[in-house]
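My entries follow in the order I made them.

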Amino acid sequence: MEQIFADKMIKGAENLGISLSKEQIEKFYSYYEILNEWNKVMNLTAIIELEDVIHKHFIDSISLVMAVKEIGEKESRLIDVGTGAGFPGIPLKIIYPNISIVLLDSLNKRVHFLQEVIEKLNLTGIEAVHGRAEDFGRNQVYREKFDYCVSRAVANMATLSEYCVPFVKTGGIFVAYKSGKVQEEMERGRKAVEIFGGKIEKVEKFILSGTDAERELVVVRKVKKTDKRYPRKAGIPGKEPI
């Protein structure tokens, strides 16, 4: 393992108040290697330089602690919607092993990649599943069963809330990872968030460690059950946001 990788991971995590063990650093490095290997044959991420992966994927993923201070303090369930190459779900699992995690993605090839990462990193209490958020959000096995839902997927706040809020228990939290200034998008999406049973509680703004990129974590608290009409059928939330 490259020393520069370990040093930058340690410093980035320390900036978030997180202390990494040697085993955790090794898991992150293995993850980086598997990501690089698979990325040669399928487009998992455009971010492949070592330092960029550290800051823009790994540290960014675990920056959830900036918005949810209590994350990892007790056993809980989390779903990562539109996880892609496993962000933020897998880094969160490495840091907080007591959280039970579901990684949901609509592309089967990515799910195969995620399953290999889970196996090679010897992670337990985490599964990668193939499907669309609209379908899983109506499935009683997943609907309103999670303490936390997170997503770094690219979608406007109204659409993303329809994908994500139905997964969260009343009293639980949905966190949307956003870049740049989201004030206008939030104002447009506030009504939709409330329709799905959520309430925007706060927005945590900071500069992502090791970069000059602005990061905003939008925290939505689930205040009431989601109406059974939502989420609508697959494809509709993206085409016709509320």
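Predicted model: local features only at pLDDT ≥ 70, side-chain atom pairs only at ≥ 80, totals over all residues.

Entry 1, aromatic pairs. I looked up the aromatic pairs and found 13 in the structure. I took Tyr29 and Tyr32 to begin with; they form a tilted pair, with 5.8 Å from centre to centre and 40° between the planes. Why are Tyr29 and Tyr32 separated by about one helical turn? I found that they are three residues apart in helix 2, which covers residues 22-39. I kept in mind that an α-helix has 3.6 residues a turn, so residues three or four places apart point the same way. Tyr29 has a relative accessible area of 11%, under the 20% limit, so I list Tyr29 as buried. Tyr32, at 10%, is buried as well.

I then turned to Phe136 and Tyr142, which form another tilted aromatic pair: 4.8 Å centre to centre, with 55° between the planes. Both Phe136 and Tyr142 are buried.

Phe5, Phe28, Tyr29, Tyr31, Tyr32, Phe58 and Phe87 are linked by ring pairs into a cluster.

I also checked for a charge over a ring. Arg77 lies over the face of Phe146, 4.5 Å from the ring centre.

Which residues of helix 2 are buried? I listed Gln24, Ile25, Lys27, Phe28, Tyr29, Tyr31, Tyr32, Ile34, Leu35, Trp38 and Asn39. I then looked for what covers these buried residues, and the cover includes helix 1 (3-14), helix 3 (50-62), helix 4 (89-95) and helix 5 (108-120).

I checked the length of helix 2 as well. Its 18 residues, at 1.5 Å a residue, should span 26 Å, and the end C-alpha atoms are 26 Å apart, so the two values agree.

Setting aside neighbours within four places in sequence, I found Asn39 in contact with Leu44, Thr45 and Ile48.

I wrote down three of them together with the accessibility of each partner.

I noted Arg110 with Asp105, where the closest N and O atoms are 2.7 Å apart. Arg110 is partly exposed at 21% relative accessibility, whereas Asp105 is buried at 4%.

I noted Glu204 with Lys202, whose side chains meet in a salt bridge at 3.8 Å, N to O. Glu204 is partly exposed, with a relative accessible area of 22%, and Lys202 is partly exposed at 30%.

I noted Arg229 with Asp227, at 3.1 Å from N to O. Is Arg229 buried or exposed? At 54% relative accessible area, I put Arg229 down as exposed. Asp227 has 30% and is partly exposed.

I found Asp60, Arg152 and Arg215 linked in a network of salt bridges.

Technical notes. Residues numbered from 1 in each chain as written. Heavy atoms only, no water. Phe/Tyr/Trp six-rings, centres within 6.5 Å; stacked < 30°, edge-to-face > 60°. Helix = DSSP H or I, 4+ residues; strand = E, 2+ residues; numbered from the N terminus. Buried < 20%, exposed > 50% of the residue type's maximum accessible area, 1.4 Å probe, protein only. Lys NZ or Arg CZ within 6 Å of the ring centre and 35° of its normal. Salt bridge = Lys/Arg side-chain N within 4 Å of Asp/Glu carboxyl O. Contact = heavy atoms within 4.5 Å. Expected span 1.5 Å × (residues − 1).
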